[in-house]
Amino acid sequence: MLPFDFGIKDIIDIFLVALMLYYIYRLMKESRSLNVFIGIMVFVLLWLFVSQVLEMRLLGSILDKLVSVGVIALIVLFQEEIRKFLYTLGAHQRFKGLTRFFTSKKKEIKEDKETIMPIVMACMSMSKGKVGALIVIERSAPLDDIIETGDRINANINQRLIENIFFKNSPLHDGAMIISKKRIAAAGCILPVSHNLDIPKELGLRHRAALGMSQDSDAICVIVSEETGRISVAIKGEFRLRLSAEELESVLATEMSE
C-alpha cells in the first residue's frame, strides 16, 4: 500500500498551481518585475526547504514571520499588477456577457452610431490638418481617476467641439479627451505611459500614453499623429495603425458593441 493517496484531485491541484504561477510569471514579465518574482520564488523555496525538509525550528520560525508580513508587503508592492489581474478576470467576455444579457441590442447600436460618427469625422478633419489628438472612450472600466487629472467638460459629443479642443492654440490640446457615458467628460487629462520596449520608435508620446491606457483598462484609445496625420487605435494593449475613415468606424462599432 502506498504511503499516500494520489488521485485526480491532486493532479488538478498541481495543474492549477502551475497555471497560476505561469500567469503570474507572464504578468511580472510584462510589468518588468520578473526579477522580483524570481526572488520571491527563491525565498519561498528556501522557506519550504528550511521548515519542511531540514526542520530547523529557529530559522523556520523567523522565515514564517517574514512570510506572514511579506504577504502584506507584496500587496502594497504589486498593487497595480493585482489590480490588473482582477480587472482582466472581471472583464472576461463570458462575465461581461452576463451583464448585457437583458440589454436592448438595437438601442445600443443606434446610440453607438451617434457617438461614433462625430469622432470619426473629427479625426478625419484633424488628420488632414495634421492636428494631434488623443481620444479615450470609456467602456466597462470606470475612468474617474483619469478624468480628475483634466478639466471637466460634460458636453455632448460634437465634431466641432472635438476639433476646437485639439486645436494647436487650445490650452487642452496636449492632454487626452475622455468620453464617458456617451458624453465628453473631460479634456487635458493625463494618461499612464506604457514602458513597452517593442513600441516602434516613430510612434510618439501620444501613442505610448494610448497604449498604457489600453493596458490598464478596456478603453478604446484613438490617436491622430501630429507629425504624419495618421490615425491609430490602441485596444487591449495592441495598436491598429494607419486606419482609414471606414476602418476607424468599423473598429469603433465592433469594439463598442462588445
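**Chatting through the sheet**

Student: How many helices and strands does the protein chain have?
Tutor: Ten helices and seven strands, taken as DSSP runs numbered from the N terminus (H or I, at least four residues, for helices; E, at least two, for strands). This is a predicted model, where local features need pLDDT of at least 70, side-chain atom pairs count only at pLDDT 80 or more, and totals for chains, interfaces and linings use all residues. Residues are numbered from 1 along each chain as its sequence is written, and side-chain values use heavy atoms, leaving out hydrogens and water.

Student: In what order do the strands sit in the sheet?
Tutor: The order is 2-4-3-1-5-6-7, in an open sheet with mixed pairing; two strands pair if DSSP finds at least two bridges between them.

Student: Which strands stand at the edges?
Tutor: Strand 2 (151-156) and strand 7 (238-240); each has a single partner strand, so one side of each lacks a neighbour in the sheet.

Student: And how does strand 2 pair with strand 4?
Tutor: Antiparallel, over four bridges, with strand 4 covering residues 183-189. Ala 155 has Ile 184 as its bridge partner there.

Student: What does helix 9 touch?
Tutor: Helix 9 (residues 205-216) packs on the sheet against strand 1 (133-137), strand 5 (220-224), strand 6 (231-235) and strand 7; contact means heavy atoms within 4.5 Å.

Student: Is Cys 221 buried or exposed?
Tutor: Buried, with a relative accessible area of 0%; the cut-offs are under 20% for buried, over 50% for exposed, and partly exposed in between (1.4 Å probe, protein chains only). Cys 189 is buried too, at 4%.

Note on methods: Axes are lines fitted to C-alpha atoms, for helices over the stretch in contact, and angles run from 0 to 180 degrees between N-to-C directions.
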